[in-house]
Every structure is written in C-alpha cells, then in structure tokens.
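Subject: A structure for you to look at

Hi there,

Here is the structure I promised to pass on. Please open it first, then read my notes below alongside it.

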Amino acid sequence: MSSKSKNAKGELFDEMVSSILPSYSMFTSTVGVNATVPESDRDQEDENYVPPPNYDSANTDYQYSIASSNTAARALSVVTPPTTVAASVSVSASASASASASASSSSQPPSVPTNELAPLDTVASTASFSSSNPLIVTDEYNWKETILDNVHRMPNMTFEDHVLPKSVEIKIYYTKDVGEVNKQPEMIDPSLFEYKQGDLLNGYVTIKNTSSKPINFEMFYLLFEGNFMVSNTKDVKDPIPVKIQRFLEMFDFYGSWNEAHINRLKTDCEDLFHGCVGDVIDPLDGSYLYFCPKRELVPKRTYKRFFSFRIPHKLLDCVCNEHNLSLHVELPPTIGLSRWELRHYPERAKSKLQDLSLYDSSVSYGVMARFIGRKSKWEREFGKFEPPRREEDAKLVNSTGDEYIILKERTNYIRVVAETNLHSELEKLMKKVENKLLFENLLARVAERIEHGKRMLKVLESSSNTPIFSQETDLLPLLTQTEINAAKCRQLYKPDVEHVRDIKSKINRDDNYEVVIPYVKRSLTGDKILGAIDMTTPKAEYHLDYIPPLKFRDGVELLTATNVNPCWKLNVPISLTVTDSSKSKSFKPVMIKEISVELVAQTLRSAKKPIAVELNHDLMFNKATNNHRCFDDKDTFRENVVKPLQFQANELYQLSKKIGLDSFRIERQLVDDIKSICQLEEKAMKLTINDVKVNNKQFNSKDITWEVDPLQTTGSVKASTKLNLSLNLDTMKVKGCPMGGKNFKIYNVVNLVPNFQSCYMSRSYHLSITVMFSNNDCARVKVPVFIDKVDME
C-alpha cells in the first residue's frame, strides 16, 4: 500500500469519525455515573432470588483489600478515534495491596522485610506469586475501574466445558474501511498484514446467545490492547499466563456497553440517553446493533458492534512510572507466540515465526471483546458452578459479597512492528550519557547502602550496650547527584556547544572499542608471556534494514533477485597490534589462524520487576580482561552486569540479616531495582556469518602483512596490521541448526525484529568478531548492530 493511499485512508477516517474524544474521567462522571451495580434490594424482589455467597471476614484464606477510587495505575489520555480511550495498566500479583498499608506509610519510601532481600545468585525462570487468593471489595461508584485494574486476576470461564460460556459465541472481523450500517464491508485477513504506528483498525464484533435463556452481564467492552505474557513453564498444557503486563489499552466507548448512546460517526445525531431505545437492526444481515433496553443477551439473537482504532505512536508515560525511561514508552514489536493465542487459534502453531525469542514469553496486540458479570445471577438460570481458580487469581466482590467473573472473551490478534524512531547523533550521545548516569547511579546507591551498613555493623559490634543509630538509620538522600545530573540530561534538548563538547569528551574519551590479551608463547616446558596483543575497531553503530517475514512483504522481490542484499552487507575495520617485550632478536608476529564473525540476537526478560535502566551496548560488553580462551567467552552480559550486582545484593542481604531491617532500612524501590537486574533471564542466539572476506579476499593467513616497528627506548618490538572485514549477512545461519540451499536467505527463515527495550523485555544485536592466533588464544571484540524499520516509500 502506497503512502498516498494510506494518507487518503487516514483523511477519510478523520472525515467520517468524530474528532472530539471525551476523557475517561468525563465519561465516568457523566455517562458512567448511572452504571452502578444493582444492590440486593432489587434482586430480592425476585421470587427466584438466590442470595450471593457469604464470605466470612474471619476467613484467613483471603486478604481483604478496598480498591482506591483514584487508582494510580489507571491513566487515560485522548487518542483517536473519538470512541476510544487509551489506558495503561500494570497487572501483577501485588496489584491489590491493602489501602491501610499505604495509609500508614510515612513520608519516607517503604522499607522491605528481610525475606525480600533473599540471595540473588540465580536467575529466576518463572514468575512467582503469593499462594493466597486476595479478596478485593469494590465500592458502589468505582467498581468498573477496580474490575479493569484487576481483570487479568479474575476467574475466566472462556475455555471451560460449561453450557454458560459455550452459549456465547464471539467473533471479531476486520474490515478495510470504517464500518457503517447497511453497507457491505470489504473484509481483510489481519494475519496477512504487518501494522505500524498510525495504522487504522476497523471492523466489528458479533455476539450470539445460542441458548434458550437470556444471559445478563454487568460489563461488555471492546478494546485494543498490547500485552507482555509469560507462560507457565511448570505445566506446558496450561494456556493461562502466569504473568500479564498490559502496556497498551484503548477502549472503544461506542463498541463497549454504556448506559448512554455514543454517536460514533459525524453523521450520527441520536439522543445521548435515548438513542438506543428499541431494537435497531442492520438491514444488511439482520443483526441487532444494541443490547438495550437491558444488559442481557436475548436467546438466539445476534448482535453487532462496530469498532475503530488507530495504533498510537507511543505508549503513555505511566507505562514506565517507576523509572520514566523514554525507550520503555515506545511500541515494542510483536514477538513470540503465547499459548493464550494458540488456544484461540490452534492453526497458528503451524505458521509460528522463528524470531529467536524466549519460548515462554511474548508480546502481542489484538482487538478484544469481553463479558463480565455476577456469578450469582448466572447461577439462577444455569445452576451452581465453580469457575477455575489459580493461585494468583483474586476474588472481586461487591459490597454484598457477590463475585464478578469473566464469562467469555475473544481476541483477534494482529502483528505490530513499529517504525524505528531515528535519532540524530546529538540525541544518541545524550541518550548514552543518560544511560550511563542512571546505571552508575544504581550501582552507587547499592554501594552507599553497603558502606552505610558496614559502618553501622562496626558501631554495633564495638558498643553493643550503647543506644545507636539515632540518625544513622535514616535513609540516604532520595535524589543523589547522579540522578540530578540524569534529570538535567533529559531536559537538555538544546545544549550549548561547550557543554556538548564536555559530555562527548567524557562518554567518548576513546573512539575505539579495544580489547587487550596477553601474548603467550606456549611450549612443553611451560607458557611464557612475551607481551600483549591489542585489537581495536572504531566505535560505530552498524545498521540493517528490517525485512518482514515472507507473508508480510509487499513487493520486495528485489531483495532476493540478487545474490547480495546491499542492505545486509557490512564493512567492519579492525586493527591488530602485537607488542613483544622479550627483546628476542628473531621476532616474528603471531600468525592469525582464523577470523570468525557472529551476529548475536540477545533477548532479555524480567518476569517480576520492571527493568530499572536502559542497557546499551557500551554498558554490557567489551569489559572483560584476559578474555583469550577460545571456548570460554567471559565478556558476556551475565558476567559484566548481572553477577557484579548479584554479589552486591548478597552482601546487602547479609548486612540486613546481621543488623536487622528495623535499624538498617532499605527503600523498596531500590530492592526492586536490584531484583530487576539480578533476575533477568537472557537468551543469546548466535548466527554464524560464513561469507566473510578480509581485505576483499577470502581469508588466507599468508596474505596478512605486518608492519614491524622496533621501539628504541624500551627495546620492545611492535607489529601492526589493519584488516577490513566484508560481511554478507544474507547467508548467515543459526549456529547448530542445519540450514542451506542454493538460494538460501536467512531473512526468509528467521525474523529479526527491530531493536527494542520495554519495561519487561528487550531485544538487541551485536557482532562478535573473533580472531584466533597460532598459539590457540583469541581476541574478541563486540560491536553494536541495529535493525531499523523505515518507510521505504
């Protein structure tokens, strides 16, 4: 589809759909104010009334939690189209912390119990949750917000073998243009398209009650949402995720059920409160357009609800409330395939993309329709039943103890890969400075707490009978100088030239990535260190164009028409310097046996806590010393980042046990930040680049020429050589997997999504260049690679 046709569609959409969007707060204070839960008085007038179950307040199996009417996690903003509203909601096992706990907290950040600082020397493979089901009591006026905040913790009847959920059929269809009554739509298959920010999603959902009884409900809503999911690794057959983090949520007010009628199109002019009185039918197919006059599905009746969404360009800032990181509010690409999606569409397992992701994690987008209601009402018509419950589920009840559950939901998933937000060199430099400051600040905060604890422990051991810690127990300043500098960096949109020069000199003191290994002579009598081998390459970012999977390509046959895709060919210069300090008269430079290059796709995942920092290449690699063993690469993310912080965390834990957290207080945010790094799970997939040319020729050790330069002052000898590596990434292969063929192209088999970082998951790439020498040692250097999706039209 050309850019002109896309712009034309967008203009037509804006002309048809209203341009004013009521805010969510406006909706809840006007239209939504009448949508309160009926209490038991009206129900008891019914002769068939069945009282809701009584939950004893003394029952220790549940923890009561009154949900706040001003839930901080629910932040809403104006988006298009006008009947949609965006929300970002954080759903986790700790989402229903009691209000009393927050009310009793002091002005200082909350400290944590000792068990929160358990040793962090292992990487968690799955999320862990509390074994108890908390009971959340909603109030009369804000019950909808409470339900939406905790919807992924509610019992779900969707896939249960029961007549009630089986009686509700939900189907979601996508159309090319905005849906209209009595107009034949042009249907599209979303599984054949790859969407990006700004694209339009039009369509409709049909709902049918196949039973002979009316089915009532309290809430029905249509929304476009994006989720990060972690599957249950302990039970491969369990489709329910153990972790769901919603980072995007856009409600369609028109498609969802409301007490009032909302005009969707500019041509609509129906009354706000009486527009839906009576049965309104679409003459095209005979479907009913409204649920009115009651919130119920009439037997054997098919309903239709239109929807329209525009994929946002960015997420809301509240997605990353804890850390306010700019990369975390960009749209992550669709990656992985959740069991929840496979349960809806089992046939998609055959067309699953090889995107090198973690097998139990996924990022997905889709339009979803969901019915929520009260359990006791359904039991009157369909008999007693018990919904499925998991350890991490909660019980949401109203003030009379009537429980809310999900009757049925359906999601039609789409693939979203956002276009890359390209930055200027100055913006890249500022981002590096910010990342470095924030990461160093985290390490400094941990080191300060450890030093603080050591001082306290020393005082405690020297004078056990003297009252201590009158002021020593106070928390360290909430804003360190490093954090202040990082904040200034974020606001420095137009810095002066001198300041930019100062920053650049600090962040780029050296314009090269450099690794140094010992130059060792090996013999039967032992090893002898003769000097050092220095390997350098310019500090540069290497960019590749994103190529979508075959079925999503639109006229890109030219990519396979030639033997080499110019977009996937790189040139990387390296320099080697050998310094021999042995003062030997017969100096000969070490011989290069082999040069190998791999593209490494690195996926990071946090199953529990949001990742506290943005991790760039310079923070993760080229840090190890004496990394010269061929089969033992010490320059890894785990060795450079995770293990040092785990060591500090365990030291902090030991101090907290000896001193006691009553005296040695640690703010919870710091503990969560430490955990977010220490418990990161990493998957590094290596793609071997076989087509490597050295100085435009196939590698041959005899073709390498060295320039020997005797150092008169020291008596040492230095030899150096410069090599240019020409890399063809078209034909690289996943290490350990048999792939090949005459016309083999890696992007026809493996989908490499663009680089991204989000609060719980990230994907980055780098080239690992290894030079092996005749003494069986090797030098490694890693350079960053970015895969960018750009509009080629």
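A residue is called buried when its relative accessible area is under 20%, exposed when it is over 50%, and partly exposed in between (1.4 Å probe, protein chains only). Please keep in mind that this is a predicted model: local features need pLDDT of at least 70, side-chain atom pairs count only at pLDDT 80 or more, and totals for chains, interfaces and linings use all residues. Residues are numbered from 1 along each chain as its sequence is written, and side-chain values use heavy atoms, with hydrogens and water left out.

Let's begin with the whole chain. Of its 793 residues, 51% count as buried. The chain has 15 helices and 32 strands; these are DSSP runs numbered from the N terminus, with helices (H or I) of at least four residues and strands (E) of at least two.

Next, the inside. A nonpolar core is a set of buried Ala, Val, Leu, Ile, Met, Phe, Trp, Tyr and Cys residues joined through side-chain atoms within 4.5 Å. The largest one here has 110 residues, and I207, F220, F224, F371, L599 and L767 have the most contacts inside it. Strand 31 (residues 761–773) gives the largest share of this core, 6 residues. Where does the core lie? Domain 1 (158–376 + 407–416) and domain 2 (509–554 + 563–621 + 680–788) both contribute residues, so the core lies between them. The domain bounds come from an automatic or database domain assignment.

Now have a look at helix 8 (residues 375–382). Because 6 of its 8 residues are buried, this helix is largely enclosed by the rest of the structure. Those buried residues are K375, S376, K377, W378, E379 and F382. Just after helix 8, G383 takes a positive phi of about 85 degrees.

Finally, salt bridges: a side-chain nitrogen of Lys or Arg within 4 Å of a carboxyl oxygen of Asp or Glu. The structure holds 38 of them. In one, the side chains of K384 and E379 meet at 3.6 Å, N to O. Is K384 buried or exposed? K384 counts as exposed, at 67% relative accessibility, whereas E379 is buried, at 10%.

Another salt bridge joins R389 and E403, with the closest N and O atoms 2.8 Å apart. R389 sits in the loop between helix 8 and strand 17 (395–397), while E403 is in strand 18 (residues 403–416), 14 residues apart. R389 is partly exposed, with a relative accessible area of 29%, and E403 is buried, at 1%.

Enjoy exploring!
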